[in-house]
Amino acid sequence: VEWIVILAVALLAALVVKTWVLQAFVIPSGSMEPTIKIGDRVLVDKLAYDFKPVKAGNIIVFRKPATDITGGNIKDLIKRVVGLPGQTLRSGPHGEIYVDGRLLHQPWLSAAARRSPGPPICDPGPSYSHVDCVGSTLHLPKGEYFVMGDNRGDSDDSRYWGPVSSNLIVGQAFLRIWPPSRIHLF
């Protein structure tokens, strides 16, 4: 009986932790390379944004927006936050990003991502119907975050399906735990 109680308590504790505190995610695509590679495992702090605000540069996991029509059975995505609610973002001619008129410093980008930055920030279409998007300039409304993969030329991100609502954010990725040779705090 004692072992059954211990096992039940351990399973309940594991369920509580996974549901509300920490969760491991396996990375299914190369959109965050070289920071996070296909098959890497990261830990996500699900309580992070209950105690502090989301900041530009944070790597977040969020539920796939309804406007992402790429298909597949992936339910959660991982990207880097580049724009916060109330900010105005603009693309430069060579993939640079300007936030409220200032060039965004992006030390996480590889040389390849700088050479091949992908499409501009704003592509007015159905996924941008609720935001102010003019040319290559976008104003983020309250509760909306602009996210992009570090592998800019090969990332399905907010440039395609619009900003991410705060209610879709699962938490902050803070630690790569696999493979052991690449353990790293973000």
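A word on the basis of what follows. This is a predicted model, in which local features need pLDDT of at least 70, side-chain atom pairs count only at pLDDT 80 or more, and totals for chains, interfaces and linings use all residues. Residues are numbered from 1 along each chain as its sequence is written, and side-chain values use heavy atoms, with hydrogens and water left out.

Let us start with the fold. The protein has four helices and 13 strands; helices (H or I, at least four residues) and strands (E, at least two) are DSSP runs, numbered from the N terminus. The radius of gyration is 18 Å, close to the 16 Å that the globule rule gives for 186 residues, so the protein is as compact as a globular protein of that length. Here the radius is taken over C-alpha atoms, and the rule is 2.2 Å times the number of residues to the power 0.38. Along the principal axes, the C-alpha atoms fill a box of roughly 65 × 35 × 30 Å.

How much of the chain is buried? The share is 42% of the 186 residues, where buried means under 20% relative accessible area, exposed over 50%, and partly exposed in between (1.4 Å probe, protein chains only). The accessible surface comes to about 10200 Å², and 62% of this area belongs to carbon and sulfur atoms. Such areas come from the Shrake-Rupley method with a 1.4 Å probe; for residues, only the protein chains shown count as cover. As for contacts (heavy atoms within 4.5 Å), among those between residues at least 6 apart in sequence, 59% join residues at least 24 apart.

Leaving aside residues up to four places away in sequence, phenylalanine 62 touches a number of others, including Leu77, Ile78, Val147, Trp161 and Leu168.

Next, the charged pairs. Side chains of opposite charge can pair when their charged atoms come close. The structure holds four salt bridges, each a side-chain nitrogen of Lys or Arg within 4 Å of a carboxyl oxygen of Asp or Glu. One of them joins arginine 176 and aspartate 40, at 3.8 Å from N to O. This pair links distant parts of the chain, with arginine 176 in strand β12 and aspartate 40 in the loop between β1 and β2, 136 residues apart. Both arginine 176 and aspartate 40 are buried, and together with Arg182 they form a salt-bridge network.

Another salt bridge brings together arginine 80 and aspartate 150, at 2.9 Å from N to O. Again distant parts of the chain are linked: arginine 80 is in strand β4 and aspartate 150 in the loop between β10 and α4 (158-161), 70 residues apart. Arginine 80 and aspartate 150 are buried. Aspartate 157 and arginine 159 also meet in a salt bridge, at 2.8 Å, and both are buried.

Finally, some local features. Where are the cis peptide bonds? One joins glutamate 33 and proline 34, with omega about 5°; proline 34 lies in the loop between β1 (22-26) and β2 (41-45). Another joins tryptophan 178 and proline 179, with omega about 0°, and proline 179 lies in the loop between β12 (169-178) and β13 (184-185).

Aspartate 100, in the loop between β6 (97-99) and β7 (102-103), has a phi near 50°, a positive value in a residue other than glycine. Aspartate 100 is partly exposed, at 48% relative accessibility. Glycine 101 is in that loop between β6 and β7 too and is exposed, at 59%. Arginine 102 lies in strand β7 and is exposed as well, with a relative accessible area of 66%.

That concludes my presentation; thank you for your attention.
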